[in-house]
Amino acid sequence: MANGAAASLQFLGAAGGVTGSKYLFSYGDDQVLIDCGLFQGLKELRQRNWAALPIDPARLRAVILTHAHIDHSGYLPRLVSKGYKGPVYATPGTCDLLGVMLPDAAHLQEEEARYARQKGYSRHSPALPLYTVEDAEQSLTLLRPVRIGQTIEVIKGVSLDFGRVGHILGAGSARLSFEVNGQRKTFMDSGDLGRYDRPILKNPDPAGSADWLLLESTYGNRLHEKNSEIELRDLIKETVAQRSCLIIPAFAIGRTQDLIYTIRKMEDDGEIPAIPVHVDSPMGLEATEIYCRHTEEHDFEMQQLRSKDNCPISSHKMVVHKTPEQSKSINQLKGPMVIISASGMATGGRVLHHLKHRLPNADTTVLFAGYQAEGTRGRSLQDGAKEIKLLGEVVPVRAKIKVFDGFSAHADQSEILRWLGTFKKAPQMTYIVHGEPPAAAALADVIRAQLKWKVEVARHQQKVALT
Ligand SMILES: [Zn+2]
């Protein structure tokens, strides 16, 4: 391949929506899958997880994961159950988080299948999980850590490096470098872009350069509220004054750590009194330990705090709940208190039983601290649902519902543009992915108008030549 092989890209997920990230890079006879995410949310999307992928396992040489979130990694055990045995490249932080997340995702799949079997509602008879804990464990053996800034050859003639993007621990943009028509070219998947000046993690690094760019657009048409921390402070003060309960459904990875860290800082600075914070998320606790361990990702403030306290991601009256019995015991407690529990969009996890128990109470406040996707309970509550189905029961909603998106781990429109401003030159083409259609379209428009870049919104299963 003196002049390089033909290169192309196909969008197998997160094109026209935010979940199921999967981009198939073909180079000559070889294929590389960039991200291997699960479709989540609406049923018609989740059903896509069961459809066969247009991938020939015999040609698939490598998988690259930009970060550990399930919508970017959670299909991997399925791929492995279908016979994939090759390497899976990800940063060390991502590899460690996957060690917690993939077995958990598999466990949920197994639970769901068991439940469907009991209720007899599955199309499959007997109901099968999408994958098993064994498949997830098998996937973990394929992980090959690649440090941010390190360059490795993933297939013959194609090298990979990750760039720091903030977002969550371990998150990186993935850049491939290869030869086309005798010229060295680069393709970059932004992954999920994080934010500047956020707790714990370093800022995104300058992007460098790419000839083709895949750009996420979750918040492509939005600007984050700037004062979410002030609002959280006021909400906690109110909770203390009224001796009430504040439930924060939060993703176990990223959001939970940000919230605990932020509450601790407010306590340290005397902005709020120390309040009992019940962290009811076994995965969140494991993730917190991983966050503390990966010192290479810590920003200056976190490094300073660490010199006084080995793991500063803990508030002064924090109580951790590991077993289901401990989790249930929270039901007996009276405020003031904060409950932080997964999942962040109330699609599953222990937060469901807290919501079932406390949504009927007018003295409870539920704070959703980030994006609520279509089809989730979080979105229904955000939209003002008066009752909601939880664990087989219809529960009236009398609690106050708040949504602050300022804790989002995703860059908003201005932060995406700030990151794009760090490119050395305009990519020859930018494809917008990972956004609901209005967000993707708005981001494409603003990039055309402000940066004069060539940009297109990617379509599901669209294939493009990289020439
Ligand atoms: Zn993500």
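Okay, let's start with two strands: S8, residues 158–164, and S9, residues 172–180, run antiparallel and are joined by 6 bridges. Strands here are DSSP runs of E with at least two residues, helices are runs of H or I with at least four, and both are numbered from the N terminus. Two strands pair if DSSP finds at least two bridges between them. One example: Asp161 has Arg175 in S9 as its bridge partner.

Quick word on the source: this is a predicted model, where local features need pLDDT of at least 70 and side-chain atom pairs count only at pLDDT 80 or more, while totals for chains, interfaces and linings use all residues. Residues are numbered from 1 along each chain as its sequence is written, and side-chain values use heavy atoms, with hydrogens and water left out.

Now the whole sheet. It's open, with 7 strands in the order S7-S8-S9-S10-S11-S20-S21 and mixed pairing. Which strands stand at the edges? Strand S7 (151–155) and strand S21 (455–457): each has a single partner strand, so one side of each is left without a neighbour in the sheet.

What packs on the sheet? Helix H13 does, touching S10 and S11, and so does helix H14, residues 437–451, which touches S11, S20 and S21. Contact means heavy atoms within 4.5 Å. H14's direction makes about 175° with that of S21; axes are lines fitted to C-alpha atoms, for helices over the stretch in contact, and angles run from 0 to 180 degrees between N-to-C directions.

Last stop, Thr376. You'll find Thr376 in the loop between strand S16 (364–368) and helix H12 (377–382). Is Thr376 buried or exposed? Buried, because its relative accessible area is 4%, and buried means under 20%, exposed over 50%, partly exposed in between, with a 1.4 Å probe and protein chains only.
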